[in-house]
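Dear colleague,

I am handing over the structure below, and I would be glad if you could look through it before reading my notes.

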Amino acid sequence: MSGHALLSVLLAAVVVAVLAAALIEVRRGLRSISTGLAALGDALDGVEQEHLKPLEPAVRAINAQFDVILSALPGIAAKAALVAERRPR
């Protein structure tokens, strides 16, 4: 082999080794992130089960009251428009 060919093969081997090392490091980082996300998911499930589920009936009741209020708003707006029209200028 000539000197240029040997140098090209050596350079290709170095590039492959550097890329392999970078990919291994990326894999380690992704595994660490995956572990952290799994722990976060478990913690969020715990919060939901322990703290949010008991609030569900109260939230439903509050939302039902909002539905009553929202259904009354068009009538109130119509009456307000009538009062505004009758108001002296």
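Predicted model: local features only at pLDDT ≥ 70, side-chain atom pairs only at ≥ 80, totals over all residues.

The protein chain holds two helices and zero strands, and its C-alpha atoms fill a box of roughly 100 × 45 × 15 Å along the principal axes. The radius of gyration of the protein chain is 34 Å, whereas a compact globule of 89 residues would have one near 12 Å. In keeping with that topic, 0% of the 89 residues count as buried, and the chain exposes about 8000 Å², of which carbon and sulfur atoms supply 70%.

As to charge, the protein chain carries 9 positive and 8 negative charges, whose mean positions lie 11 Å apart. How many salt bridges does a search of the whole structure find? The search finds two.

One of these salt bridges joins Glu25 to Arg28, with 3.2 Å between the closest N and O atoms; the two residues are three apart in helix H1 (residues 3–52), and therefore separated by about one helical turn. Glu25 is partly exposed at a relative accessible area of 48%, while Arg28, at 52%, counts as exposed, because the cut-off for exposed is over 50%.

A salt bridge also links the side chains of Arg60 and Glu56, at 2.7 Å from N to O, and both residues lie in helix H2 (residues 56–86), four residues or about one turn apart. Here Arg60 is exposed, with a relative accessible area of 57%, and Glu56 is partly exposed, with 31%.

Definitions and conventions: Residues numbered from 1 in each chain as written. Heavy atoms only, no water. Rg over C-alpha atoms; globule rule 2.2 N^0.38 Å. Buried < 20%, exposed > 50% of the residue type's maximum accessible area, 1.4 Å probe, protein only. Areas by Shrake-Rupley, 256 points an atom, 1.4 Å probe, with all protein chains shown as cover. Lys, Arg positive; Asp, Glu negative; His and termini not counted. Charge placed at Lys NZ, Arg CZ, Asp CG, Glu CD. Salt bridge = Lys/Arg side-chain N within 4 Å of Asp/Glu carboxyl O.
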